[in-house]
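Keep the picture at hand as you read.

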Amino acid sequence: MTSEPLDRTVDRRAFLARAAALATVSAVGVNVGLPSVALASSGLSTNAKPGAGGRPLDQPNAYTKPRPAALADPSELTIAEAAWLIRAGKLTPEHLVEAYLDRISRYDGSYQAFNRVLADAAIAAARDAGRRPRRGALHGIPLAIKDNYYTEGVPTTANSFLFKDFVPPYDATAVARLKASGAIVLGKTQMGPLATTRATTPAGVITTVNAWTPTDRGVDPGGSSTGTATAVAGRMATSGIGTQTGGSITAPSNAQNLTGLKPTMGRVSAAGIIPLTYSRDHPGPLARDAKDAAIMLTAMAGEDPMDPRSQGLPHVPNLIDAASPVYQGRRVKLRWKTRIGVLPGFANGTSSSALARTAYLAQLAAIPGVTLVDVQLPAEWSQLTGSTFNNIRLPERAEPFMPYLRTDLRGFGVSVTSWLQGALMGGNEFITGQRAKLLLMDRVLNDLFDDCDVVVQTDPVPFDILGLPEIAFPIGFTTAGLPVGTILGGLPYAEDRLLSVVAAYQAVTDWHLRRPADPPTAAARGAAPAEALRLTAEEVAELSQ
């Protein structure tokens with residue numbers, strides 16, 4: 001048994017103080033330092049080294065011998081499996097990239113996951129990777145990048161009229177770190193305009209479909225990291241990255257049978273990402289399982305001088321080890337004994353989703369080291385997490401865009417309403433909302449987590465408000481054949497604890513290994529959707545992240 005994870009040692013009062021400072025920083029500008037998060041007893045220093053927090057990607061647990069079913073089709077491989085084959089000389093990065101480009105050519109006309117495919121650049125990078133010494137588990141791995149991440153010399157539009165001609169001169173920090181680890185960018189993915197809803201055109205016409213229902217555009221694929229989710233679920237990329245402000249990683253992961261990890265605020269630098277809400281924007285991976293999510297986050301995480309939110313934090317723990325199942329004999333057990341909080345009514349009802357939740361809890365409870373505990377939501381939960389206080393994010397959204405709001409509202413397309421709401425919100429409302437946020441955080445850290453180490457989530461928004469980590473993963477399917485997912489939330493910087501629970505669960509289930517059937521191939525990539533479904537401005541405002 002390894003030592004206790006970091007969540008036991010973080011000073012919760014220090015995290016609360018940092019959150020208060022972050023609220024101030026969001027109002028006065030980004031060049032203000034934030035207080036370091038103290039560690040109660042671990043003896044670890046803060047200030048993790050740039051680039052994966054000093055944790056190498058070339059370690060034994062980062063490689064997994066491929067399943068027989070995956071050997072016949074490279075696009076079925078997880079990161080860890082593909083890395084095992086590349087290390088063994090049984091798969092080249094070029095062959096892996098070509099397999100994905102072939103699927104994109106055949107199927108993205110139906111999926112509409114990518115808005116730009118970098119085929120020539122990806123093949124050139126794969127050939128270069130084949131000649132270079134390996135850099136670890138991401139060496140030669142093809143990824144899908146959400147189109148709000150800066151990519152040097154490649155248009156970054158955030159699917160918006162405002163950025164339709166923007167070509168950044170450098171990579172976002174997260175992209176640069178993935179590339180430095182040997183990863184290959186396949187292309188930029190469709191997203192909700194300015195990271196608001198599911199992927200649509202800036203005018204609201206629905207583009208990307210759910211990979212599980214490619215002929216039915218009415219089925220929600222999750223947003224706003226829709227394109228990345230569909231690319232990974234549809235086996236057009238090994239893994240990918242998105243951003244979350246109000247469920248934009250966890251929702252598409254749950255909708256498309258993926259494992260999506262939203263880390264603690266600041267764990268991954270947001271430098272070089274077109275902003276939505278300064279105090280709530282979280283970059284993170286959408287992957288096929290917990291191990292892949294850990295590999296991705298290991299590469300992305302760490303301090304960045306360009307982002308004060310990433311500075312003064314505890315070291316990144318060994319996430320890859322945390323996401324590696326532990327066995328006692330032939331039986332899986334938890335790496336750390338963990339109390340899992342279950343909210344009232346979580347598995348109530350007779351729907352297929354409720355039955356999946358019931359089975360999920362039973363499977364968790366059977367894993368040695370798990371203790372399920374009933375927990376109650378803190379006082380005034382509905383009020384503190386409802387739309388009134390959730391909307392205090394909107395002035396942060398509007399402030400960087402005020403020059404555009406004053407000159408031409410048409411640039412915001414169908415998502416204009418929430419920007420106008422932010423511009424018109426009064427200072428008293430904003431200040432009251434910030435106070436409510438701190439009260440909510442105090443009650444979550446000191447009441448809810450007194451009884452548990454992680455908690456089953458029914459809505460990602462409260463933990464998005466607070467900047468706490470969450471992980472989404474599959475637990476079954478509905479009678480209609482659609483994925484059913486769930487979310488676990490954790491204490492600050494407790495990504496390792498969350499990964500350890502999901503890794504154990506995935507070692508005793510196979511939901512995460514199931515893939516959707518291939519879609520029809522009649523449509524050419526980039527063709528207009530067969531059905532012009534459109535979201536109205538009112539619908540976008542209601543669904544906005």
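## A word to start with

Two residues are in contact when they have heavy atoms within 4.5 Å. Please keep in mind that what you see is a predicted model.

## The overall build

The chain contains 20 helices and 13 strands. Its C-alpha trace spans about 65 × 55 × 50 Å along the principal axes.

Does the chain's radius of gyration agree or disagree with that of a compact globule? A compact globule of 545 residues would have a radius of gyration near 24 Å, and the chain has 22 Å, so the two agree.

Of the 545 residues in the chain, 63% are buried. Take the contacts between residues at least 6 apart in sequence: 77% of these join residues at least 24 apart.

## A closer look at T213

Where does T213 sit? Look in the loop between β3 (184-189) and α7 (226-233).

Is T213 buried or exposed? Buried means under 20% relative accessible area. T213 has 16% relative accessibility, so T213 counts as buried.

Which residues does T213 touch, leaving aside its neighbours within four places in sequence? T213 is in contact with V219 and L482.

Methods
Residues numbered from 1 in each chain as written. Predicted model: local features only at pLDDT ≥ 70, side-chain atom pairs only at ≥ 80, totals over all residues. Heavy atoms only, no water. Helix = DSSP H or I, 4+ residues; strand = E, 2+ residues; numbered from the N terminus. Rg over C-alpha atoms; globule rule 2.2 N^0.38 Å. Buried < 20%, exposed > 50% of the residue type's maximum accessible area, 1.4 Å probe, protein only.
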